[in-house]
Amino acid sequence: MTTATLKRARAQSGITEVSSLGAPLKRARMELKTTEAAKELLSLAAALNGTDLTAFILNTAVEKARKVVAEHNAIMLSRDGQEALAGLLQSAPGRPTKAMRELMSLPDLNKA
């Protein structure tokens with residue numbers, strides 16, 4: 001892994017410092033209350049997975065969180081929706097509306 005890739009991964013995960021062993025320093029704390037039955041089930045699953053309870057819960061939650069975020073960042077279209085979008089993109093553009101002209105008259109912040 002290149003240094004740039006590692007820096008990007010740390011930035012995306014919120015990791016800013018690393019211990020002398022190369023492991024990220026953990027500063028955020030979370031606590032949760034649950035039933036004894038749920039804790040026993042999670043502890044058993046963690047043990048069967050070969051990890052501790054904290055790592056099991058955190059890894060599972062982070063994996064689910066990434067999936068939820070990815071699903072919300074993606075636009076899903078049905079076949080009919082895809083065809084409608086393709087038709088709109090291929091059609092000749094209409095005349096700009098007043099709102100479009102006003103938007104285009106705003107300064108370009110990337111060139112400032």
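**Close-up views of a predicted helical chain**

View 1. Glu31 counts as exposed, at 67% relative accessibility, where exposed means over 50% relative accessible area, buried means under 20%, and partly exposed lies in between (1.4 Å probe, protein chains only). The model is predicted, so that local features need pLDDT of at least 70 and side-chain atom pairs count only at pLDDT 80 or more, while totals for chains, interfaces and linings use all residues. Residues are numbered from 1 along each chain as its sequence is written, and side-chain values use heavy atoms, with hydrogens and water left out. The partner of Glu31 is Arg29, and the two form a salt bridge in which the closest N and O atoms are 3.3 Å apart; the term stands for a side-chain nitrogen of Lys or Arg within 4 Å of a carboxyl oxygen of Asp or Glu. Arg29 is likewise exposed, with a relative accessible area of 70%. By this rule the count of salt bridges comes to three.

View 2. Arg79 and Glu83 lie four residues apart, about one turn of the helix, in α4 (residues 79-90); helices are DSSP runs (H or I, at least four residues) and strands are runs of E (at least two), numbered from the N terminus. The closest N and O atoms of this salt bridge are 3.8 Å apart. Arg79 is exposed, with a relative accessible area of 60%, whereas Glu83, at 48%, is partly exposed.

View 3. Lys98 counts as exposed at 58% relative accessibility, while Glu102, at 43%, is partly exposed.

View 4. Just after α2, Gly50 adopts a positive phi of about 80°. The axes of α2 and α3 (residues 53-73) come within 8 Å and cross at roughly 95°, the axes being lines fitted to C-alpha atoms, for helices over the stretch in contact, with angles running from 0 to 180 degrees between N-to-C directions. The two helices are therefore roughly perpendicular, a label for 65 to 115 degrees, with under 35 counted as roughly parallel, over 145 as roughly antiparallel and the rest as oblique. Contact, meaning heavy atoms within 4.5 Å, joins α2 residues including Leu42 and Ala46 to Leu53, Phe56 and Ile57 of α3.

**View 5. The chain as a setting for the close-ups.** The secondary structure comes to five helices and zero strands, and of the 112 residues, 2% count as buried.
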